[in-house]
Amino acid sequence: MEIKKDSTEDKILEAAKNVFVAKGMEGARMQEIADEAGINKALLHYYFRSKEKLFEAIFSKIIQFAFPEITRIAQSNEPFISKIEQVVDAYIDLLIKHPFIPGFIMKELNRDPSGLFKLVVKFGLNPQVIFDQIQLAMDRDEIIQMQPRHLAANIISMCIFPFAARPLVSFVLFKDDQVALNAFYVERADVIKKFVIDAIVIKK
């Protein structure tokens, strides 16, 4: 019974993700999610009593995968440049596996940012840990002086934008050639790492 339950729950979460991405939290309906999952509405309510619970379950999975890993890398004893490489790899790997994430988050930020902020706080994301690591690298003269928030924003932007703007990137850069687009995403981590490291490392 437990295997069946887990399978049904996974099916519901996948269906809810698809509906939320297409219609947003406000536009989604529980009946649509049930139809997408191929179950009846009563069974859907057995697992998740509301859209809000479903949304929290989906976003929580994203946060639990991404944020603790980034924090773990930042707090490790690895050299700073290695930390940057690992963070970029983690972000790109997450986005290749779950390309819906940027659009999903942006849609909800425009609708009601408070819900996302509460989940971020709930799962303990502390960007100050990242900023402190950048400052330490500057104090050791490993990287050029800069505002740590700008470096963090630059790295995150370079990782996220090609996925958030996938239709535009596909049409403008690749004329909707999906094979070429997917190859571009696979190469993206190495390109970002080289670009960032060449820009910030102090040559000795």
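## A buried phenylalanine

At 5% relative accessibility, Phe163 counts as buried, a word used for residues under 20% relative accessible area, whereas exposed means over 50% and partly exposed lies in between (1.4 Å probe, protein chains only). The model is predicted, so local features need pLDDT of at least 70 and side-chain atom pairs count only at pLDDT 80 or more, while totals for chains, interfaces and linings use all residues. Residues are numbered from 1 along each chain as its sequence is written, and side-chain values use heavy atoms, with hydrogens and water left out.

## Aromatic pairs

Five aromatic pairs are found when the whole structure is searched; rings of Phe, Tyr and Trp (its six-membered ring) pair if their centres lie within 6.5 Å, and planes under 30 degrees apart count as stacked, over 60 as edge-to-face and the rest as tilted. One of them joins Phe20 and Phe55 edge-to-face, with 5.9 Å centre to centre and 85 degrees between the planes. Because Phe20 lies in helix α1 (residues 2-27) and Phe55 in helix α4 (residues 51-75), this pair ties together parts that are 35 residues apart in sequence; helices here are DSSP runs (H or I, at least four residues), numbered from the N terminus. Both Phe20 and Phe55 are buried.

Phe163 and Tyr185 form a stacked pair, 4.2 Å centre to centre with 15 degrees between the planes. This pair links distant parts of the chain, since Phe163 is in helix α9 (residues 148-164) and Tyr185 in helix α11 (residues 178-200), 22 residues apart. Tyr185 has 3% relative accessibility and therefore counts as buried, and one aromatic cluster is formed by Phe163, Phe174, Phe184 and Tyr185.

How values were computed. Helix = DSSP H or I, 4+ residues; strand = E, 2+ residues; numbered from the N terminus.
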